[in-house]
Amino acid sequence: MPRRKAKRLPPKPGWAVYLRTSDEEAQNPALSQKRQRFAINTGLVDRSMLPLIEEYVDNLTGRSPDRLDYQRMLDDARSGKFSHVAVERADRFGRNDAEALRAIDELHDFGVAVRFANQPDLIRLMQMTVFWSHSNSHWRGVNPF
């Protein structure tokens, strides 16, 4: 008889903040981290009702996934420690697009949402696009559903 996958509990509601400075910014990582933290707090964390649970900081290139706090963040996500990851921009999450997309997919599988402070909420944007598309096609007599 095949084994069933164990049902995963939903993650604890709250934010994980990920800050990354690259090798080029090594002379003043504190300034870059301060800027990133401000953008994340004002754009995402402060606007939500969710607590800040953990902050993860790496001072390495984003080309490699072998970053200590990046890996610790993924491990904590696997254990359900938080429900959202906040990053200033996509390139702060990682410079390797394939790895970043793989990690975002993995986080999504654990019920963890990744949000970028410099981007609109993509879910809301997609909902508005579908609504607008439906409204326009309705007027032309075409039902998109």
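Predicted model: local features only at pLDDT ≥ 70, side-chain atom pairs only at ≥ 80, totals over all residues.

User: What span should H4 have?
Analyst: H4 has 13 residues, so at 1.5 Å a residue it should span 18 Å. Its end C-alpha atoms are 18 Å apart, which agrees.

User: Which residues of H4 are buried?
Analyst: Glu 99, Ala 100, Ala 103, Glu 106 and Leu 107. Down the helix axis they fall within an arc of 125°, so they line one face of H4.

User: What do they pack against?
Analyst: H2, E3, helix H3 (90-93) and E4.

User: Which exposed residues sit on the face turned away?
Analyst: Asp 97, Ala 98, Leu 101, His 108 and Asp 109.

User: Back to Glu 106. Why does it count as buried?
Analyst: Because its relative accessibility is 16%, and buried means under 20%. The side chain of Glu 106 also makes a polar contact of 2.8 Å with that of Arg 102.

User: New topic. Which residues touch the most other members in the largest nonpolar core?
Analyst: Tyr 18, Met 73, Phe 82, Val 85, Phe 93 and Leu 107, out of 18 residues in that core. Strand E1 (15-20) and helix H4 (97-109) are among the elements that each supply at least two residues.

User: Which element gives the most?
Analyst: H2, with four residues. There is also a second, separate core of seven residues, including Leu 19 and Val 45.

Methods:
Residues numbered from 1 in each chain as written. Heavy atoms only, no water. Core = buried A, V, L, I, M, F, W, Y, C linked by side-chain atoms within 4.5 Å. Buried < 20%, exposed > 50% of the residue type's maximum accessible area, 1.4 Å probe, protein only. Polar contact = N/O pair within 3.5 Å; in protein donor to acceptor, adjacent residues only side chain to side chain. Expected span 1.5 Å × (residues − 1). Arc of directions from axis to C-beta. Contact = heavy atoms within 4.5 Å.
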